[in-house]
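Me: Please take me through the assignments in this model and set each one against its definition.

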Amino acid sequence: MFFMMSIFPKEEQLYFEQYCVCNSCGREGEITVFKVSQTLSLFFIPVWRWSTRYYARMSCCGTTVELDPEVGKGIEEGDITYLDPSIFPYRNDSVCPACGHEIKPEDNYCPHCGRRL
Ligand SMILES: [Zn+2]
Ligand SMILES: [Zn+2]
């Protein structure tokens, strides 16, 4: 017996619309929510899905965070229509991403650890 079997992650965008000021880059952006599930296909027909994960992404800078599965489910079912923008990590441009040392906008290299900025 020969089966055509394949496993691949399937990305599905959920219906979710929210505009807010981005916590990461400070610009106006839209939050999009999508879920990724591992899908097993038999003869190109998806038969089984597991390990579904939910993600939220800011349209402005592409910052993506994983959502709590409960929250993701709530969005999928339409129970949750608002996400706190602070779930996106705050990116402070005035510190070095490598060592946290204070840097100036005109610096090309971190004066502390020498990392290229
Ligand atoms: Zn942003
Ligand atoms: Zn540094």
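Reply: Leaving aside neighbours within four places in sequence, T64 is in contact with Y55 and R57. The model is predicted, so local features need pLDDT of at least 70 and side-chain atom pairs count only at pLDDT 80 or more, while totals for chains, interfaces and linings use all residues. Residues are numbered from 1 along each chain as its sequence is written, and chains are lettered from A and ligands numbered from 1 in the order in which they are written.

Me: What makes Y55 and R57 contacts of T64?
Reply: Two residues are in contact if their C-beta atoms, placed from the backbone, lie within 7 Å. T64 meets this criterion with Y55 and R57.

Me: Why is T64 called partly exposed?
Reply: A residue is buried with 20 or more other C-beta atoms within 10 Å of its own, exposed with 12 or fewer, and partly exposed in between, with C-beta atoms placed from the backbone. T64 has 13 such neighbours and therefore counts as partly exposed.

Me: Why is R27 called exposed?
Reply: R27 has 11 other C-beta atoms within 10 Å, and is therefore exposed. R27 lies in the loop between β2 (18-21) and β3 (28-42); strands are DSSP runs of E, at least two residues long, numbered from the N terminus.

Me: How do you know that β4 and β5 pair?
Reply: Two strands pair if DSSP finds at least two bridges between them. Four bridges join β4 (residues 45-58) to β5 (residues 64-67), so the two antiparallel strands pair. In β5, E66 is the bridge partner of Y55.
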